[in-house]
Amino acid sequence: MKKTVVLMDIHEAVKYGEKLGGDYVEIRYENIQRGHVELKDGVFHTLAERHSEGYGVRVLARGAWGFSTTNLNLRRAVEEAVNLAISSSRAVREKIELYETKPSKDRVKSPMKIRPENIGYEEKTEHVLELEKELKKNPLVKSTQIKYEDAHGTKLLVTNEGTEIEWDYNHILQYVWVTGKEGDVMGAARHMIGGVDKGWELFEEFTNEIISKRLHKQLDNQIHGVPVKRGEFPIVAGPIIVGIIAHEALGHLAEADLTINSPFRDMIGKQIAPEFVNMSDRIVPGGFGNNLYDDEGTPVKDVHIIEKGVLKEIMLNREYAKKWNMEPNGHAHAEDYSNPPIIRMRNTVFEKGDHTLEEMIEDIKFGYYMVDFRGGQAELNSSFQVGVQEGYVIENGEIKEPIKDTSISGIAIEALKNIEAVGRDFDIEYGICGKGQSAFVSSGGPHMKFPRSIVVGGEK
Amino acid sequence: MNVIRYGEKFFDELEVQTLHRKEISAKAELNQISSSTSSNLGMSVIRGVKNGKIGISIIDSTEEEKIKRGIERAAKLAMVNKKDEKWPGLPEPGNYHKKDERTGEMGEEDYFVNLITLALKDISERKKDAMVVGAEAGSIYVKTQIVNSNGIDVSQEDSVSMFVLVLMARHGESVTPSIFDLDVTKNPKIDTTKVIDSCLTKLEHAKKVKKADLKEAPVIMEPFALGEILQYALLPAFNGERKVKGTSILGDKLGEKVMDEKIKMIDDPFHEKSVAKLIADDEGVPTRKNTIIEKGVFKGFLWNHYWGKIAGEESTGNGMRSFRTGAMGIGAINLVIEEGKRKVEDIIGDVKNGYIVSSFQGAHSSNPDTGTVAAVANPAFVIEDGKITGSTVFMLSGNVYDLMNSVGEISNDAKPVYMISRGMYPHTLFENVKIAPVTR
């Protein structure tokens with residue numbers, strides 16, 4: 001449908017929602033084309049395009065939310081959203097209110113240099129075939145799965161408060177899974193990159209050779225690595241693992257809808273870590289969670305979650321900003337038009353310190369150096385888990401043999417107090433966070449040392 | 001169907017799957033109703049093949065004209081694809097099981113708002129310190145139709161209603177883990193009482209935090225926890241594609257004992273306790289009962305049409321499509337673990353020192369190729385002298401096959417698990433499980 005026609009329809013629908021009783025009426029529209037290329041062991045079982053077009057209508061009426069999504073009938077969805085809100089409002093004791101913000105009007109352009117939509121499928125298929133060829137140069141590799149995805153199109157947000165934002169939406173994503181085998185011993189490793197600011201140029205930074213080299217090393221480590229001892233050990237975590245700890249252990253607890261039910265609720269303004277520890281959710285160059293506005297139209301701001309060891313700020317949408325009496329900072333995010341926005345992280349990072357890796361490991365008699373992750377999960381009681389797909393034994397101050405895959409866990413509010421050193425380096429990783437809905441995120445930081453409070457899972 | 005005739009201009013073979021999904025639900029957070037939501041979405045996936053080259057198009061519509069445009073896009077993609085030399089063709093029509101005749105009712109928004117309001121009142125009257133982190137009650141209706149150029153034309157409807165409850169409480173400076181339970185029913189008349197009872201009982205135990213002192217212990221997994229571990233660490237090994245590629249750890253184990261003999265595992269789309277019974281998979285192949293494990297012996301892989309033909313087998317009716325990418329994979333329709341003889345309460349009663357786990361953190365980071373598991377049991381509860389005495393957090397580590405070989409007992413109360421994949425899982429006791437305490 002033509003954009004001008006859509007906009008007219010949306011404005012009319014917003015007014016209709018107001019007329020029906022909506023105090024706040026928000027309509028999000030998407031018209032997005034996604035390309036999917038999936039190569040599994042030499043065969044493109046999937047060469048697909050997905051065209052998504054539809055509306056998400058969210059209405060706040062009499063202190064309760066109604067949300068309706070459709071790709072069939074916008075007017076009907078508006079009626080449903082208002083009716084749903086009114087129906088819910090009959091049972092509401094404490095009315096939901098929104099923090100007042102200045103309406104935003106903007107057109108957000110994509111900063112991508114080489115838009116994936118301008119790359120033909122011939123080149124895309126050739127790229128993944130080359131990557132597969134590179135991966136299979138190592139005889140350990142028995143099977144590969146490469147998923148490439150890109151998207152382009154328009155996202156619109158219109159509210160009855162006067163917000164009107166149009167995004168020139170783009171993303172690119174590549175996920176690789178390799179399975180290795182030597183005799184009866186198997187191993188597996190994953191790699192993912194993605195961009196919303198960087199397009200096809202991402203592959204200049206992450207060449208097929210770089211990705212293959214990293215995955216070959218991880219497969220080799222897993223197949224030839226030593227089993228891990230289970231229990232509490234000194235851990236030095238590399239930037240990728242540090243990033244996942246930032247995301248899982250602390251980031252989720254600093255999402256205001258979870259903060260309210262977590263130990264962080266009563267810790268805001270208090271010292272929760274040594275004063276050399278700083279952590280943020282912020283715009284990072286190349287960050288997968290970067291944006292100018294969130295899905296409520298609030299400008300995205302850096303959130304200084306931990307500053308000099310003090311729990312300072314949390315991530316908010318307009319509803320929780322009102323509850324907490326804090327200014328919203330642009331963290332409402334919806335996976336797509338068919339989901340309402342909820343509070344999400346963007347790029348969650350520990351900030352740099354002044355130690356070197358060598359200084360961190362020199363006094364460790366026995367411990368582990370954890371480098372790369374596979375999955376992670378948080379819980380309200382601040383227990384966190386991070387799957388590890390690359391790690392090494394530290395013995396007498398030296399990094400020794402690789403370990404088989406494992407997990408680490410801890411209670412975040414205890415582990416934080418025990419951070420002993422923060423590195424002077426910095427790197428980020430790309431991921432997809434699941435909190436009922438998917439969201440593109442980055443996480444990262446410097447090397448960090450946890451002399452205690454981290455438990456390692458192992459068979460020994 | 002008109003679209004198939006239209007597509008024959010572009011393709012040698014064509015398959016169109018349409019999906020219409022309606023949902024309605026009411027949600028609560030922070031001890032009160034927060035929102036109601038509805039969705040009404042149509043979607044179609046077109047998979048066409050020309051000279052062994054595949055093109056796929058996915059559109060957010062079921063309208064014929066839009067499907068035709070999708071066919072044209074899929075045809076353009078097929079032209080740039082490489083030929084799949086092994087392409088075995090699309091499936092042929094088969095004989096379907098009798099359709100599930102139970103009507104799929106959906107509740108109205110007021111009904112679910114009332115249901116949650118009453119549940120909230122019940123919770124607040126019984127436990128003043130219980131916080132409803134989240135609750136949701138609602139119905140989902142899905143209608144699919146699969147047609148292909150070989151004559152398959154099958155449609156089916158499926159509807160379920162659900163009540164999900166997540167509670168927490170504060171104790172001192174700490175909080176409990178989120179305590180979760182759900183019930184899934186065929187119609188919206190959901191009895192919320194048993195979910196509330198279960199959550200409130202666990203919440204009380206969760207406030208008494210203890211350290212997991214044992215290095216090896218008997219561990220009972222509740223249905224959801226068991227479902228999480230099996231989904232990520234075990235089920236991939238049943239996938240026929242992995243058998244063909246030599247990446248299933250069970251590749252050469254057909255007919256061999258791979259688990260404790262108490263285990264019988266069937267993919268049963270028509271199980272009597274199932275709330276939704278599917279007669280066709282996502283390729284339109286009739287679903288069937290497939291025995292995977294019997295008395296601990298591995299009986300067979302699951303296949304979709306493509307990998308079944310490549311392996312010289314038939315599809316077992318386990319073609320499963322990603323509606324996000326259109327990719328056709330292999331998955332269990334309704335994995336059932338056969339029940340044992342005793343109630344879980346009796347099994348707990350016989351445990352001197354051990355644990356019972358409601359859910360795992362990080363089950364998804366298990367290694368699907370090797371079966372390695374290192375997941376955090378949280379919430380987990382301490383059993384002392386046959387009674388639950390408190391809660392704890394611990395890391396469970398090892399290999400899923402070692403776990404499945406150490407099954408002590410299976411309960412007689414299998415429960416539908418819908419949140420990860422569909423299945424019927426009982427409580428299962430594992431002996432000598434390796435653990436490391438996380439709670440200090």
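Which residue in β2(B) is the bridge partner of Trp65(A)? The legends below give the answer in the first view.

This is a predicted model, in which local features need pLDDT of at least 70 and side-chain atom pairs count only at pLDDT 80 or more, while totals for chains, interfaces and linings use all residues. Residues are numbered from 1 along each chain as its sequence is written, and chains are lettered from A and ligands numbered from 1 in the order in which they are written.

View 1. Strand β3 of chain A (residues 64-70) pairs with β2(B) in the parallel sense over six bridges. Trp65(A) has Ser35(B) as its bridge partner. Strands are DSSP runs (E, at least two residues; helices are H or I, at least four), numbered from the N terminus, and two of them pair if DSSP finds at least two bridges between them.

**View 2. The contact between chains A and B.** Chain A contributes 75 residues and chain B 68 residues; residues are in contact if their C-beta atoms, placed from the backbone, lie within 7 Å. On the side of chain B that touches chain A, strand β2 of chain B (residues 32-50) gives the most, with eleven residues.

**View 3. The two domains of chain A.** Domain 1 spans 3-224 and domain 2 spans 231-456, with bounds from an automatic or database domain assignment. Their C-alpha centres lie 23 Å apart. In chain A, 36 residues of domain 1 are in contact with 30 residues of domain 2. To the side of domain 1 that touches domain 2, β7(A) gives the most, with six residues.

Definitions and conventions:
Contact = placed C-beta atoms within 7 Å.
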